[in-house]
Amino acid sequence: SSPYTVELISSDEEIQYLREDWDRLSATSVRPNAFTTLDWYEAWYRQFAQSEAPGRLRRNVLVLKSGGFVSGVAPLTRAVTSQYGVKLRRLQFAGRNHEWDYNDLLVGDDLDGGIEAIAEHLSRTRDDWDLVDLIDVRDTGNASARIQSAATRANLRCALLPAEERC
């Protein structure tokens, strides 16, 4: 059993309560960068989700808590797309369609525990999505292998595709 609880945050009001914790996690990550900040997430959301994809893209931020304190953030969105009449509900990093250079899960000091809790949450909520697309995840601390292992333990199918090298 995980020491973490995972909460879904999807509203403007809820996301603002995370500002201090999100900024702390972003600043103290192994390889901090602008693409993991709440300011970047919010700017992207205002520009693309609300203007280019109204109703098809919404916030789907997963917040890890331990002992009532925020210990991790998975900065995701939920996109609904359709191709050839088939609807697909995809959880993805916010900038997936706009080529962010560095995507990351902000799980603090406990990379294994944080990834495990996220995988368990995704397994419990699998009726809410069709695909989890973590494109261009930074492989800090061997995160890709850890994600694959946690997904397997949570009984989720997982395929890791080679990432494009960014700047």
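Me: Which residue stands opposite Val 63 in S4?

Reply: Val 73 in S4 stands opposite Val 63. Two strands pair if DSSP finds at least two bridges between them. S3 and S4 are joined by 5 bridges, and these strands run antiparallel. The labels are DSSP runs, numbered from the N terminus: helices (H or I) have at least four residues, strands (E) at least two.

Me: What kind of model is this?

Reply: This is a predicted model, in which local features need pLDDT of at least 70, side-chain atom pairs count only at pLDDT 80 or more, and totals for chains, interfaces and linings use all residues. Residues are numbered from 1 along each chain as its sequence is written, and side-chain values use heavy atoms, with hydrogens and water left out.

Me: Where is confidence lowest, and where highest?

Reply: Read pLDDT, the predictor's confidence in each residue, from 0 to 100. The chain averages 81, and 83% of its residues score at least 70. Confidence is lowest in helix H5 (residues 143–153), with a mean of 79. Strand S3 (residues 61–66) is highest, at 95.

Me: What is the order of the open sheet of 3 strands?

Reply: The order is S1-S3-S4, with antiparallel pairing. Strand S1 (5–9) and strand S4 (69–74) have a single partner strand each, so one side of each is left without a neighbour in the sheet. From one strand to the next, the twist averages 30°. Angles run from 0 to 180 degrees between N-to-C directions; axes are lines fitted to C-alpha atoms, for helices over the stretch in contact.

Me: How many bridges join S1 to S3?

Reply: S1 and S3 share 5 bridges and run antiparallel. Val 6 stands opposite Leu 64 in S3. Now look at the hairpin of S3 and S4. It has 2 residues between the strands. There Gly 67 takes a positive phi near 60°.

Me: Which strands does helix H4 lie across?

Reply: Helix H4 (residues 111–124) lies across S1, S3 and S4. H4 runs at about 125° to S3. Contact means heavy atoms within 4.5 Å.

Me: At what angle do H4 and H5 pack?

Reply: Two packed helices are described by the angle between their axes and the distance between the axes. H4 and H5 pack at about 40°, with their axes 9 Å apart. That makes H4 oblique to H5. The classes are roughly parallel (under 35 degrees), roughly antiparallel (over 145), roughly perpendicular (65 to 115) and oblique (the rest). H4 contributes Leu 111, Asp 112, Ile 115, Glu 116 and Ala 119 to the contact. H5 contributes Ala 143, Arg 146, Ile 147, Ala 150, Ala 151 and Arg 153. By class, the contact of H4 with H5 has 7 nonpolar, no polar and 4 charged residues. Ala, Val, Leu, Ile, Met, Phe, Trp, Tyr, Cys and Pro count as nonpolar, Asp, Glu, Lys and Arg as charged, the others, Gly among them, as polar.

Me: At what angle do H2 and H3 pack?

Reply: The angle is about 115°, and the axes of H2 and H3 lie 9 Å apart. H2 and H3 are therefore roughly perpendicular to each other. Arg 19, Trp 22 and Asp 23 of H2 meet Leu 38, Asp 39 and Tyr 41 of H3. The contact of H2 with H3 divides into 3 nonpolar, no polar and 3 charged residues.

Me: What is the order of the open sheet of 4 strands?

Reply: The order is S2-S5-S6-S7, and the pairing is mixed. Strand S2 (57–59) and strand S7 (131–133) stand at the edges. Neighbouring strands of this sheet are turned by 25° against each other on average, direction ignored. Strand S6 (residues 86–93) runs parallel to S7, joined by 3 bridges. Leu 91 stands opposite Val 132 in S7. Helix H3 (residues 38–49) lies across S2 and strand S5 (76–83). H3 runs at about 155° to S2.
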